[in-house]
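Hello,

Please find the structure below, followed by notes on what was found in it.

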Amino acid sequence: MIKSKIAGIGKYVPEHVVSNEKLSTLMDTSDEWITERTGIKERRYAERYEETTATMGAKAARIAIERAGIDKEDIDFIIFATLSADYYFPGCGVLVQRELGITNTEIGALDIRNQCTGFVYGISVADQFIRSGMYKNILLIGAEMHSMGLNYSTEGRDISVIFGDGAGAVVLQATEEEGRGILSSKLHSDGTYAEKLALICPGSHGGYHNKYLEENVDYGFSKENEFGDVFVTPTMLEKGQTFPYMEGKFVFKMAVQKFPEVIMEVLTEANKQPSDINMLIPHQANLRISQFVQKKLGLSDDQVHNNIHKYGNTTAASVPIALCEAWEEGRVKEGDLVCLAAFGSGFTWGATLLNW
Ligand code: UT7
């Protein structure tokens, strides 16, 4: 039976380390608050005006390609997951193709906008293409450059202390080897709560046309204009409406419910149980969430990899960065049962179970 395996993995985190203490000089926060509520001690910020989401993705990709033992021209499909793309359009898929110098135009490039679950969704998409025989070497990247778009005043502190920059990448290939490859994947969504964790400006909603948005908020659109309202207005910039919004407690409650549920789903589908897991790689949203999930599933510290203290929440990049790190540290070995799981904006959530 044909399955998909991770043939190579790479990560890239920028050199610039930003500590909790540093953020405390910009806004009313403290190392104590951030550590206690999130587990984060520091995060990395990309080099402004030099690095972008696509260039960081390319750096991780080069490592993954080399470790897979293939040439970049062997890549026949690119999937790029991010919420912080270099451009509104085109997406980072084609930008990374160019950055890597892949000249082959027979390949496809797909962008995934699924925020924290982008990588887990991407691996499931790649798996389908590989098992169908359509593609042989799929490059999947999760990369994020949050630092350009956060509110560094006290008003934005609940969000800005959480996020960090970085990238992770894998090369997926077909395998018929016994005891290797993706066993099961499960994806979920619930659009009911789309605005609970969102960045709605700029966008085409026009404010008052959208019944799901808070009423009577001025986005600077004019009802009288038949033409000419652009999707970004001076009001949005003045009012800080172009920064992300999160109803933290609500998201937290949903996350701790959905993570264990979806992990159990992929385990059940593969006829496994939590004790069979060698390594759980949870999306690094909050250490307290990961600890809750670990406890709920009865997993030991040896069965879970967390690195949020070093990198914060890197959204689509968090799962591949953590997976790569766990592998580099020898915590993931050939044949190990590895579970990847994520929950985030949308809401969307999902998990993948694989033998490394
Ligand atoms: O990756 C996608 C999924 N994301 C998540 O899963 C994130 C889920 N949510 C969370 O991780 C947590 O809700 C947060 C870390 C975002 C917030 O932690 P919390 O324990 O839920 O705190 P809170 O939002 O209820 O805020 C508690 C207090 C508030 O002050 P008052 O109203 O009690 O006076 C906040 O204003 O903490 C205040 N606060 C801060 N204080 C210092 C909020 N942010 C900060 C801050 N520094 N950075």
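**Notes on the model**

Phe231 sits in the loop between strand E9 (197-198) and helix H7 (234-238); helices (H or I, at least four residues) and strands (E, at least two) are DSSP runs numbered from the N terminus. This is a predicted model, in which local features need pLDDT of at least 70, side-chain atom pairs count only at pLDDT 80 or more, and totals for chains, interfaces and linings use all residues. Residues are numbered from 1 along each chain as its sequence is written, and side-chain values use heavy atoms, with hydrogens and water left out.

Phe231 is partly exposed, at a relative accessible area of 35% (buried is under 20%, exposed over 50%, partly exposed in between; 1.4 Å probe, protein chains only).

The loop between E9 and H7 also holds Pro202 and Asn216. The peptide bond from Cys201 to Pro202 is cis, with omega near 0°. Asn216 has a positive phi, near 60°, and is not a glycine; Asn216 is exposed, with a relative accessible area of 80%.

Phe347 is in the loop between strand E12 (337-344) and strand E13 (348-355).

Gln115 also has a positive phi, about 50°, without being a glycine. Gln115 lies in the loop between strand E5 (108-112) and helix H5 (118-131) and is buried, at 17% relative accessible area.

Regards
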